[in-house]
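Hello,

Please find the structure below, followed by notes on what was found in it.

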Amino acid sequence: SSRPVLVQGGLEWLHLHASQFCTCGVTKAGAVYCWGRDEWGQGGSGSIVVAVRPRPNAVVTLSSGFLSVACSYWTCCSLGVNGQLWCWGDSDFGELGQGTATGSGVPVRIMLFAGADKQVLVSTFTSVAAGFLHFCAISTSYEVWCWGSNSESQCGIPSSTTATVMLPTRVSSTPAFAVFVTSGVQHACAGNVSTLVCWGSN
């Protein structure tokens, strides 16, 4: 439409993010909704089926307690007030941060484990940003972590080492106490009030 049209559903919105073919938002009640194309699970309907959702559709399991949402090309992530980060949709390039290329129409939690006994290394975050096929987030310990496509080193690792980062990986040489992060198509930036660094495509 060449003219703005009213989004149906009568919901009150707190935060919105639009990707290539879908839009997701968080309501004032803290619930996450998505609408638009949904062929890779990015609509969060609970399954991966080819569908077009012309009005806001509730993302399964994310009914309350969320603050923001960020969407890449076919994948979305939402951050809760408790710091938990949940992602859903396509994972061909590791966008779900689970170590596999298997997509999911049901949100999966981003967590990092260490050692054979799987001790929790990172489980909560303060912000998340979406690029074209990658995500970056700041943990509650103020460290920057990225995952997904790394074709232009946008996950903070030389692309000659790996073209995909299937698990969240800490970006070295970022400022201590990073408080914000943003991602472009194939690059990202992070920092605090006094120091800002960027990496990826130039």
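Which cysteine forms a disulfide with C136, and how many Å apart are their sulfur atoms? The partner is C146, and the two sulfur atoms lie 2.0 Å apart. Please bear in mind that this is a predicted model.

The torsion about the S-S bond of C136 and C146 is about 110°, so this disulfide is right-handed. The pair links distant parts of the chain, 10 residues apart: C136 belongs to strand β12 (residues 134-139) and C146 to strand β13 (residues 144-149). C136 has a relative accessible area of 0% and is buried. C146, at 0% relative accessibility, counts as buried as well.

Other disulfides

The count of disulfides comes to 5. One of them joins C77 to C87, with an S to S distance of 2.0 Å. The link of C77 and C87 is right-handed, with 105° about the S-S bond. Here too distant parts of the chain are linked, 10 residues apart, with C77 in strand β6 (residues 75-80) and C87 in strand β7 (residues 85-89). C77 counts as buried at 0% relative accessibility, and C87 is buried with a relative accessible area of 0%.

C189 and C198 form another disulfide, their sulfur atoms 2.0 Å apart. The torsion about the S-S bond of C189 and C198 is about 110°, so this link is right-handed. C189 has a relative accessible area of 12%, which means that C189 is buried, the cut-off being under 20%.

With the bonded cysteines of the chain numbered in sequence order, the pairing reads 1-2, 3-4, 5-6, 7-8, 9-10.

Cysteines without a disulfide

C22 is in no disulfide; the nearest cysteine sulfur is that of C76, 4.4 Å away. C22 counts as buried, at 5% relative accessibility. C155 is likewise in no disulfide, and the nearest cysteine sulfur, that of C146, is 5.4 Å away. C155 counts as buried at 0% relative accessibility.

Largest pocket

The largest pocket has a volume of about 180 Å³. Its lining consists of G97, Q98, R109, I110, M111, L112, F113, L121, W145, L167 and P168. The elements that give two or more residues to this lining are β9 (112-114) and β14 (164-170). By residue class, the lining of the largest pocket divides into 8 nonpolar, 2 polar and 1 charged.

Regards

Definitions and conventions:
Residues are numbered from 1 along each chain as its sequence is written. This is a predicted model: local features need pLDDT of at least 70, side-chain atom pairs count only at pLDDT 80 or more; totals for chains, interfaces and linings use all residues. Side-chain values use heavy atoms; hydrogens and water are left out. On a 1 Å grid over the protein atoms alone, a cavity is a set of points where a 1.4 Å probe fits but cannot get out, and a pocket is an open set with protein on both sides within 12 Å along at least five of seven lines; lining residues have an atom within 4 Å of a point. Grid points are joined across faces, edges and corners, and a volume is the space filled by probe spheres set on the points. Helices (H or I, at least four residues) and strands (E, at least two) are DSSP runs, numbered from the N terminus. Ala, Val, Leu, Ile, Met, Phe, Trp, Tyr, Cys and Pro count as nonpolar, Asp, Glu, Lys and Arg as charged, and the others, Gly among them, as polar. A disulfide is a pair of cysteine sulfur atoms within 2.5 Å. Buried means under 20% relative accessible area, exposed over 50%, partly exposed in between (1.4 Å probe, protein chains only).
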